[in-house]
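Hi there,

Here is the structure I promised to pass on. Have a look at it first, and then read on for what turned up.

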Amino acid sequence: MSGILFEKKGRTAIITMNRPEVMNALNMEAYRELRNAWIKVKEDPDIWTAIITGTGERAFCTGQDLKELAAYEARGEHLEYPPELQPGDLEVWKPFIAAVNGYCLAGGLEVALACDIRVAAEHASFGLSEVMRSIMPSGGGISRLPRLIPFGRALELLITGDRIDAQEAYRLGLVNQVVPKEQLMSAAEALADRINENGPLAVRSIKEAAYRGYEMSLKDSLRLELLFSDRVERSEDAKEGPKAFVEKRKPQYKGR
């Protein structure tokens, strides 16, 4: 059974972490498959958005498969996940939505942090628990969490390993929506559909400009914004949008 399922639903890719017997914890092979799924989204011109979730209602993902880690250590071997297996370091400017069902812990939270928008079921919980096992989050949690929520709160979660529930995650800005568990995928898909109605070149350029500009001075970020805007306005889609508005019809964007 594959550890990662991949399907296309219209313009949206659905990526499912599929190891429910270990609450969707990821072993080396599953991490490799997850990265390959990220690459599929990047390279397929027919995919405009992606949703990542986990099989079942118990867990989104609980991080690294500690049973695999323990098996290596029992043999006196050191298991080190190559940095290139982390999907979050790939520059994919198509929007990713995490649909968080249940436990979102350790490396699982790092997968969610690598997404752009997070929708959580009411029973979801979040935490970076690595420190409790005397290891460090090394898949982007230390870098991304303080950029998303207040620094002091992020540091507290990082060095205590404490968990927070979905409502606290929403209050902190870690998640964008909290919905009943039975509505989770429909809410995530509705959000993807809303994004897919827009010009894909504009969507991707907005995402890229926002991420790149975040680390720049305001002056440099504004300059980058204008550069990207000029590029998008030369596209066929940028002509189609105003034309459809004038003709009172739905625009037919083609991504070019």
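Predicted model: local features only at pLDDT ≥ 70, side-chain atom pairs only at ≥ 80, totals over all residues.

Which residues of α8 are buried? They are P200, V203, R204, S205, K207, E208, A209 and G213. An α-helix has 3.6 residues a turn, so residues three or four places apart point the same way. As for what covers the buried residues of α8, the cover includes the strand β5 (96-100) and the helices α7 (184-196), α9 (218-233) and α10 (236-246).

Now for the chain as a whole. There are 10 helices and 10 strands in the protein chain. Its radius of gyration is 19 Å, close to the 18 Å from the globule rule for 256 residues, so the chain is as compact as a globular protein of that length. The C-alpha trace spans about 65 × 40 × 35 Å along its principal axes.

Of the 256 residues, 49% count as buried. Among contacts with a separation of 6 or more, 68% come from residues 24 or more positions apart. Carbon and sulfur atoms hold 54% of the accessible surface, which comes to about 13,600 Å².

On charges, the protein chain carries 35 positive and 38 negative side chains, with the centres of the two sets 5 Å apart.

Best wishes

How values were computed. Residues numbered from 1 in each chain as written. Heavy atoms only, no water. Helix = DSSP H or I, 4+ residues; strand = E, 2+ residues; numbered from the N terminus. Rg over C-alpha atoms; globule rule 2.2 N^0.38 Å. Buried < 20%, exposed > 50% of the residue type's maximum accessible area, 1.4 Å probe, protein only. Contact = heavy atoms within 4.5 Å. Areas by Shrake-Rupley, 256 points an atom, 1.4 Å probe, with all protein chains shown as cover. Lys, Arg positive; Asp, Glu negative; His and termini not counted. Charge placed at Lys NZ, Arg CZ, Asp CG, Glu CD.
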